[in-house]
Amino acid sequence: MLIIEDDKPISYEDVLSRVDKDKWLEAMNHEMKFMYKNKVSILIDPFEGVNPIAWKWVFKKKTNMGDNVISYKVTLVAKDYNQEQGVDFE
C-alpha cells in the first residue's frame, strides 16, 4: 500500500474546492465520530486569559500498487505550540 503525499488538501477550505470533496468530507466526518465516541476531547468555552489549543486537519490518500486510491485518511491533531507552560497548563 502506498501513501500519496502530493495532491492532498492543506485545509478545510481546500477540501471544499476539490472534485473529490465528498470523499474527504466523509473521512473528516468519520474522524469526528471516532473522536466523539472515544471521548478524545470535549468542546468548552475557554477560560479568560487562556489560549485554547488549536486543531489542524492532516490529509492522506492511501493507494494500491497501481496508484488507485484505496481510502482517504483524515486525522485531527492538536497544535500545542501556542501553549505556554505555567500559563495555559501545569
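**View 1. Asp 14 and its salt bridge to Arg 18.** Asp 14 is partly exposed, at a relative accessible area of 21%; the class runs between buried, under 20%, and exposed, over 50% (1.4 Å probe, protein chains only). The side chain of Asp 14 meets that of Arg 18 in a salt bridge, 3.3 Å from N to O. A salt bridge here is a side-chain nitrogen of Lys or Arg within 4 Å of a carboxyl oxygen of Asp or Glu. Arg 18 is buried, with a relative accessible area of 18%. This is a predicted model, in which local features need pLDDT of at least 70 and side-chain atom pairs pLDDT 80 or more, while totals for chains, interfaces and linings use all residues. Residues are numbered from 1 along each chain as its sequence is written, and side-chain values use heavy atoms, without hydrogens and water.

**View 2. The salt bridge between Asp 20 and Lys 61.** The two side chains meet at 3.6 Å, N to O. Asp 20 sits in the loop between α1 (12-16) and α2 (21-37) and Lys 61 in strand β2, so the pair ties together parts 41 residues apart in sequence. Helices (H or I, at least four residues) and strands (E, at least two) are DSSP runs, numbered from the N terminus. Asp 20 is buried at 14% relative accessibility, and Lys 61 is buried at 7%. A search of the whole structure finds two salt bridges.

View 3. Strands β2 (residues 54-63) and β3 (residues 69-79) pair in the antiparallel sense over ten bridges; pairing requires at least two bridges found by DSSP. Lys 61 has Tyr 72 in β3 as its bridge partner. Five residues separate the strands of the hairpin, and Asp 67 in the turn has a positive phi of about 65°.
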